[in-house]
Amino acid sequence: MSLIRKERPYEKAEFAPKPTWIVRFLRQNVLFQFYRFIMINIKMIKLIFKSHK
Amino acid sequence: MKTIAVLGGGVSGHTAAQFLKRKLGKNHRVIVVTPNAKWNWIPSNIWVGIGEMKKEDVTFELAPVYKKMNIEYLQAKAVSIHPNGQDKDNSPYVKIEYTGQGKVGQQEELKYDYLINATGPKLNFHKTEGIGPEHGNTVSVCTYDHAEHAFKEFNGIIEKLRRGEEATIVIGTGHGTCTCQGAAFEYLMNIDHKITSLGLKDKANIIYITNEARLGDFGVGGMHLKKGGYITHSKVFAESLFAEREIGWITGAHVEKVEKGTIHFEQLDGQKRSINYDFGMLIPPFSGVGITAVDNDGSDITEKLFKPNGFMIVDADYTGKEYKDWSAKDWPQTLQNPEWSNIFAVGIAFAPPHAISEPRKSVNGTPIAPTPPRTGMPSAMMGKAVALSICDMIKNNNTTPRHTACMSEMGAACVASTGSNLINGSAVSMTMFPIVQNFEKYPEHGRSLSLTFGEVGLAGHWIKTLLHYLFIYKAKAKPLWWLIPE
Ligand SMILES: Cc1cc2nc3c(=O)[nH]c(=O)nc-3n(C[C@H](O)[C@H](O)[C@H](O)COP(=O)(O)OP(=O)(O)OC[C@H]3O[C@@H](n4cnc5c(N)ncnc54)[C@H](O)[C@@H]3O)c2cc1C
C-alpha cells in the first residue's frame, strides 16, 4: 500500500457496509440490469405522474 | 395580443417558452431574453468534464429552434424590471442589454404583459477566495466551457499518475452555503471511475469535501430508503459507495480559501484545517443574477421583488420560521409574485422560503449547511406550470394562476452515471418524493418510501444516457416533443 493511502481521511469507511461479490456481479449483469431498467423506469414514471397531479 | 417575456433560456425558461407558444399560437407574442446563443443540457456537462462528451454534444443553437417555433429571441440579459412602467405610462417593461445579434452593449426597453424570471443562478466564485477556473485555483463543471477546461486540467493529472507520481484529487463544495451537491457527487464518481478504469487508482487519493453535515444529505436533509429488509438513511448508502471505492470524505466543511495546492476550510467543530491537492473541482455558492427593480418614479424597489440573495419573491412563506416549525406549506405553489400578479419566477430564480437540510453553524458561528437544490426536473415542471397558468389567465382574463409546481409535492431524480460504454458503465440512481419533506403527509420520514429509492448498477447508466438524448430532442422541439415528460 502506498503512502498516500495511509493519509486518507478514511477510517470512517471501516463502519460503512460494503457490497458482497454477488451484489457487485448483479450490478453489471446485463439481464438483471435489464429487469432493473424496467423497474426503475416504472418507478420514475409513477413519480412523474404523481408530481404532475 | 399579449406579450409574455421569458427571462432566461435555460432549463426552466426554455420549457416555459415552448409550452407558452404551443398553447398560445400566433395570437400572442412569446419573447425569450437570454444572454446565451446556445442551449445547454447542464447535467451532461459532467461527461464533458471527464472527456466522455464534447461540448457540441450537450449544446445546440437556440436561434433556429426559436425561429421554427415562432418564438422571438433576444440575445440579451435583463438588467432591471420596471413593474409599474415609467412616469405616467404604467405599462411594465424590462430593460435589457444585448450580448449578441450584432448589438452587444446596446440597451432596450421591452414591454410585457406577463413576465417569467427564469434566470437561474449567478455562479458566485468570488465568495470564496481562490476558487473558480477564471481567477482561482480550482476547476468547475457548471458551464460547458468550464467543463471543457476541467477536462484539460484533469488530463494533466492523468499524465502525472501515468508517470507513476501520486496525486490528490478534491471534489466538492466551495463554500459553507453551497447547493448542487449532486453535481459534485456525480463528477466525483466519474473521476473515480475514469482513474480506476485506467488502472491508476493506487496512485490517486480521491477526497470529497462538502458542507453537508453527513454524507447522503444532498441538500435535502438526506432521505430514507428501503434496503435489504431495512429502512436505512441515505448516509449509509452514500458511505457505502465511498467506502467501496476507497474515496475519503470530509463533511461539515466551509471552504474559506484556496491557494495553489492547498484548500483551507473550517468544520462544524470550529477547527480550521487544510488539505493539499493537485486537482480540485469545487462548486461555487449560487445567488440570483442581480437584476434590479425600479418604480415608475425611478426609485429602487429591488427589495420588493427580490430577496437579498437576488432570488425573486414568490408565493412562499418567508416569515423566517425556526427549523422546528418548518412546514411543507412554506413552499410556493404557483410561483406568482404576491405584489405583481403578472410576474412569476421559476427554477433556481425563485427565492426558497428556507433550506431543506437542517441549518447548522460551526462553533465559531460560520453557517455550514446546504441551501436548497432546485434540480432539472422540478425546474422544468415549474416552467411548464407557470406557462399553463399564464395561458389560463389570458384566456379567462383574470389574475389567478391555476397550475402549481410545489417542491413539497413534486419528486426529483438524480442519476450519477459513469462510463461511456453501455456494458461497462454504472450509475447511482436516486429518486425522492417529494423533494421537500412533507411530514404532514408522510409523518415518519417526510417522504414516500415507495417512490424514494437508491440503487447502483448499469441500468441507471442506460437511463441517464436515454434522458440525455430525450431532453435534447425535447428542447429542440422535434416532432411530438411535448409528450416527453419534464
Ligand atoms: C454540473 C451540473 C450538473 C447537474 N446535474 C443535474 C442532474 O443530473 N439532474 C438534475 O435534475 N439537475 C442537475 N443539475 C441542476 C440543473 O442543471 C438545474 O436545476 C437547472 O439548470 C436549473 O434550471 P434554470 O432554468 O433555473 O437555470 P439555468 O438552466 O441555469 O438557466 C438560466 C438561464 O438564464 C440565463 N440568464 C442569466 N442571467 C440572465 C439575465 N440577466 N437575463 C436573462 N437571462 C439570464 C442564463 O444564461 C441561462 O440560460 C446540474 C447542475 C450542474 C451545474
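The stops below take in one chain, the interface, and then a few individual residues.

Bear in mind throughout that this is a predicted model.

**Chain A.** Begin by selecting chain A and colouring it by secondary structure, which comes to three helices and zero strands, so that reading along the sequence gives the pattern α-α-α. Of the 53 residues in this chain, 32% are buried, and chain A exposes about 3900 Å², with carbon and sulfur atoms supplying 70% of that area.

**The interface.** Next, display chain B together with chain A and select the residues in contact, which number 51 from chain B and 31 from chain A. Between them the two chains bury about 3500 Å², and 64% of this lies on carbon and sulfur atoms. How many salt bridges cross the interface of chain B and chain A? There are two, and one to centre on is the salt bridge of A:R36 with B:E455, whose closest N and O atoms are 2.5 Å apart.

**B:H354.** Now move to B:H354, which lies in the loop between β21 (343-345) and α8 (376-396) of chain B. Is this residue buried or exposed? B:H354 counts as buried because its relative accessible area, 14%, is under the 20% cut-off. Its side chain makes a polar contact with the side chain of B:D330 at 2.7 Å, and, leaving aside neighbours within four places in sequence, the residues in contact with B:H354 are B:W326, B:S327, B:D330, B:W331 and B:P372.

**Backbone stops.** The last selections concern the backbone, and as background, most residues other than glycine have a negative phi, and most peptide bonds are trans. Select B:L335, in the loop between α7 (302-305) and β21 of chain B, where phi is positive, near 65°; this residue is buried, at 1% relative accessibility. Then go to B:N397, in the loop between α8 and β22 (412-418) of chain B, where phi is again positive, near 50°, whereas here the residue is exposed, at 66% relative accessibility. Finish at the cis peptide bond that joins B:F433 and B:P434, with omega about -10°; B:P434 sits in the loop between β23 (426-432) and β24 (453-456) of chain B.

Methods: Residues numbered from 1 in each chain as written. Chains lettered and ligands numbered in written order. Predicted model: local features only at pLDDT ≥ 70, side-chain atom pairs only at ≥ 80, totals over all residues. Heavy atoms only, no water. Helix = DSSP H or I, 4+ residues; strand = E, 2+ residues; numbered from the N terminus. Buried < 20%, exposed > 50% of the residue type's maximum accessible area, 1.4 Å probe, protein only. Polar contact = N/O pair within 3.5 Å; in protein donor to acceptor, adjacent residues only side chain to side chain. Contact = heavy atoms within 4.5 Å. Areas by Shrake-Rupley, 256 points an atom, 1.4 Å probe, with all protein chains shown as cover. Buried area = accessible area lost by both parts, 1.4 Å probe. Salt bridge = Lys/Arg side-chain N within 4 Å of Asp/Glu carboxyl O.
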